[in-house]
Amino acid sequence: MGLEISLLLIGGYLLGSIPSAVWIGRKFYGIDVREHGSHNAGATNVLRVLGRRAALPVFVIDAAKGYGAVMLAHCTDLTGDSFFFLKIALTAAAILGHIFPLFAGFKGGKGVATMTGCMLAIAPVPVLLGFVTFMAVLATTHYVSLGSMAGGALFPVFILLIDGSESPYKIVFGVVVALVLVITHRKNIERLFKGTENKTYLFLRRRKKEE
């Protein structure tokens, strides 16, 4: 069983290492997105640098690889808490792969889309509610980072409301996710306080007079 789990974790890391932003940017636009914008290989930077047509497939692929990594847990006969903990370990492996991708020189993104896919495989309804929160904050403020942190902060609350207090491990997981999002966005938080954080407009072109 130990060897099987080790192989699954390696598989989760390799799935997370698929650098969709880098590959799509190079293949279809002739650029490495890590050399532009925020220098991250993630959907948000792709949106800013290359636009919606490039960002959407990047987000879908990154979320799908996270979802697929967690679903590897179903290859085992584990049940109960052991099954849940394996899903958490696979989540960590996939996010590690995205942040430090084997196939892109160990320089990736922040893992928000990948984490979303992982969480969708673990707690689908709370994740969907978190995504609604993210979109609402993004539409109101135009800050992707603020929307991500808001959705993450409410994730454990949604778990408590949907799954109830009988799922303590899920609640702890939700709290950890929220903390990870804050930690990975600490530079964004500094820019938000300074008023220098980049805004993202999904549906309307940025007006020339706006900064």
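Colleague: Which residues does Phe173 touch, leaving out residues up to four places away in sequence?
Modeller: Phe84, Ile88, Thr91, Met119, Ile122 and Phe155. Contact here means heavy atoms within 4.5 Å. Bear in mind that this is a predicted model, where local features need pLDDT of at least 70, side-chain atom pairs need 80 or more, and totals for chains, interfaces and linings use all residues. Numbering starts from 1 along each chain as its sequence is written, and side-chain values use heavy atoms, with hydrogens and water left out.

Colleague: Okay, helices next. At roughly what angle do H5 and H9 cross?
Modeller: Roughly 15°, and the axes of H5 (residues 80-99) and H9 (residues 168-184) come within 11 Å. Axes are lines fitted to C-alpha atoms, for helices over the stretch in contact, with angles from 0 to 180 degrees between N-to-C directions. Helices are DSSP runs of H or I, at least four residues, numbered from the N terminus.

Colleague: So what do you call H5 and H9 relative to each other?
Modeller: Roughly parallel, a label for angles under 35 degrees.

Colleague: Which residues make that contact?
Modeller: H5 brings Asp81, Phe84, Phe85, Ile88 and Thr91, while H9 brings Tyr169, Lys170 and Phe173.

Colleague: New topic: how many residues are in the largest nonpolar core?
Modeller: It has 17, and Phe173 is among those with the most contacts inside it, as are Val70 and Met115. A nonpolar core is a set of buried (under 20% relative accessible area, 1.4 Å probe, protein chains only) Ala, Val, Leu, Ile, Met, Phe, Trp, Tyr and Cys residues joined through side-chain atoms within 4.5 Å.

Colleague: Which helix gives the largest share of this core?
Modeller: H6, with 5 residues.

Technical notes: Helix = DSSP H or I, 4+ residues; strand = E, 2+ residues; numbered from the N terminus. Parallel < 35°, antiparallel > 145°, perpendicular 65-115°, else oblique. Buried < 20%, exposed > 50% of the residue type's maximum accessible area, 1.4 Å probe, protein only.
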